[in-house]
Amino acid sequence: MQNSPLSSDRLDRLARVAVQVGLNLQPGQDLVLTAPLASAPLVRRIAAEAYKAGAGLVTPLFADEEVTLARYRHGQDAAFDRAPDWLYRGMAEAYGAGAARMAIVGDNPMLLAGQDPGKVSRATRANATAYKPALEKIANFDINWTVLAWPGLAWAQQVFPDLPEAAAQEALADAIFAASRIDGDDPVADWAAHSARLAERSAWLNGHRFAALHFTGPGTDLTVGLADGHEWHGGASTARNGISCNPNLPTEEVFTTPHALRVDGHVSATKPLSHQGSLIEGIRVRFEAGRIVEAQASRGQEVLQKLIGTDEGARRLGEVALVPHSSPIAQSGLLFYNTLFDENAASHIALGQCYSKCFVGGAGLTPEQIAAQGGNSSLIHVDWMIGSGQVDVDGLTAGGDRVPVMRAGEWA
Ligand code: ZN
Ligand code: ZN
């Protein structure tokens, strides 16, 4: 098994990067970990790395696709409005007491595609409501947290439909390990260098204080006004508990908050958008004063309309992110059907909720102040890709100067 993509050596490297780079877990700190049951070989290695790093208690919480499906097949209807509040209260309590949080993704992205959409949306809403107290501590960046991926079999078959099962899983494992930058001699040092490059780009963008970004490319001529007092972020960032961590493994983006009222022009998606079991392709959207006034898709038009109809904020932007076309994920040419990877393949914008940390002094701002500075709010946050090797980006200063930011998809 030594040369297999799922060999113990590579899993050990991923576990080490997850604990040391993703979390930067501190001696004595507890860890709450959620993971698909199939990822147990990785979880065991993460637990070992965590305890070696001095972890207090490591608590893994496993979920299983078959158990989820059993609920949809046989569960009583009334229970679809319920969620395990007790569990989420416990998670919130653990984070409140200083535990770090790790999430491993890797389930079948189309798991619920064939289920009753009414039940799916009721269960999703019940879960989101119950999870809110715990999610707020993550969203407010109270603690160090990270998300990484396990190459689940059904997910692998979605990404590589033409390969046999085992080959598909090995191909996805290869793609995940390459994108997660763990294949070098010293992955922890490679991550430090990568993170420093992202920090350098954020600092350059923050130094320019652009009023807007102008994207041009095939089917795209879009001006994205940036929020007042916006701040660019990328790579490692410091949680409110003072611990610097990398919330996403992999990560290639530098990102900030657009102004909810200052987006104009039209934009074409450069990749399909995988959303809750549906694929939306050929998205073309026109904005006026920050709001989507026209939206078309060559496939999944209804899903797109439903998405932007969620609430008023779903028609406006909450994030703009820059990713070079030379990023390893872009170069793989794959559609992962998973935001953790797909949003790191190309420059993107997100419909919906903005991040409070993407404002100068964001931690101290009230929701009203964030809104006054142009921050959008919504129940959704959905990223879609608008960058490619054919897209240019200019920064526009308040004084009307134009500074090249990206040319043909690369940093200018
Ligand atoms: Zn993003
Ligand atoms: Zn996003």
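**View 1. Helix H2 and its buried residues.** In helix H2, the residues Ala 40, Leu 42, Val 43, Ile 46, Ala 47, Glu 49 and Ala 50 are buried; buried means under 20% relative accessible area, exposed means over 50%, and partly exposed lies in between, with a 1.4 Å probe and protein chains only. The model is predicted: local features need pLDDT of at least 70 and side-chain atom pairs count only at pLDDT 80 or more, whereas totals for chains, interfaces and linings use all residues. Residues are numbered from 1 along each chain as its sequence is written, chains are lettered from A and ligands numbered from 1 in the order in which they are written, and side-chain values use heavy atoms, with hydrogens and water left out. Helices (H or I, at least four residues) and strands (E, at least two) are DSSP runs, numbered from the N terminus. Helix H2 covers residues 40-52, 13 residues in number, and reaches 18 Å from its first C-alpha to its last, close to the 18 Å expected at 1.5 Å a residue; the expected span is 1.5 Å times one less than the number of residues. The buried residues of H2 pack against helix H1 (8-23) and against strands S1 (31-36), S2 (58-63), S3 (100-105) and S4 (145-149). Contact here means heavy atoms within 4.5 Å. Just after H2, Gly 54 takes a positive phi of about 100 degrees.

View 2. Strands of a sheet pair through backbone hydrogen bonds, either parallel or antiparallel. S1 and S2 pair in the parallel sense, over six bridges; two strands pair if DSSP finds at least two bridges between them. Leu 31 has Val 58 in S2 as its bridge partner. Together, S1, H2 and S2 make a right-handed β-α-β unit. A crossover is right-handed if, with the strands pointing away from the viewer, the path from the first strand over the helix to the second runs clockwise.

**View 3. An open sheet of five strands.** The sheet has the order S7-S10-S16-S17-S18, and its pairing is antiparallel. Strand S7 (233-234) and S18 are the edge strands, each pairing on one side only. Within this sheet, strand S10 (residues 254-256) runs antiparallel to strand S16 (residues 317-322), and three bridges join them. Phe 255 has Ala 321 in S16 as its bridge partner.

**View 4. Phe 255 and the aromatic pairs.** Rings of Phe, Tyr and Trp (its six-membered ring) pair if their centres lie within 6.5 Å; planes under 30 degrees apart count as stacked, over 60 as edge-to-face and the rest as tilted. By this rule the count comes to six aromatic pairs. Phe 255 and Tyr 355 form an edge-to-face pair, at 6.0 Å centre to centre and with 70 degrees between the planes. Phe 255 lies in strand S10 and Tyr 355 in the loop between strand S17 (348-352) and helix H12 (367-372), so the pair ties together parts that are 100 residues apart in sequence. Phe 255 is buried, with a relative accessible area of 10%, whereas Tyr 355 is partly exposed, with a relative accessible area of 33%. Elsewhere, Trp 155, Phe 336 and Phe 341 form one aromatic cluster.

**View 5. Charged ends over rings.** The charged end of Arg 71 sits over the ring of Phe 80, 4.6 Å from its centre. Likewise, the charged end of Lys 357 sits over the ring of Phe 141, 5.0 Å from its centre. A charge sits over a ring if NZ of Lys or CZ of Arg is within 6 Å of the ring centre and within 35 degrees of the ring normal.

**View 6. Strand S14 and its partners.** Strand S14 (residues 284-288) has a covered face, Val 285 and Phe 287, and an uncovered face, Arg 284, Arg 286 and Glu 288. Four bridges join S14 to strand S11 (residues 258-268), and the two run antiparallel. His 266 stands opposite Arg 286 in S14. Five bridges join S14 to strand S15 (residues 291-296), again antiparallel, and Arg 284 has Gln 296 in S15 as its bridge partner. S14 and S15 form a hairpin with two residues between them, and Ala 289 in the turn has a positive phi of about 50 degrees.

**View 7. The surroundings of Gly 387.** Gly 387 is found in the loop between strand S18 (381-385) and strand S19 (392-396). Gly 387 is buried, with a relative accessible area of 9%. Leaving aside neighbours within four places in sequence, Gly 387 is in contact with Thr 270, Ala 346 and Ser 347.
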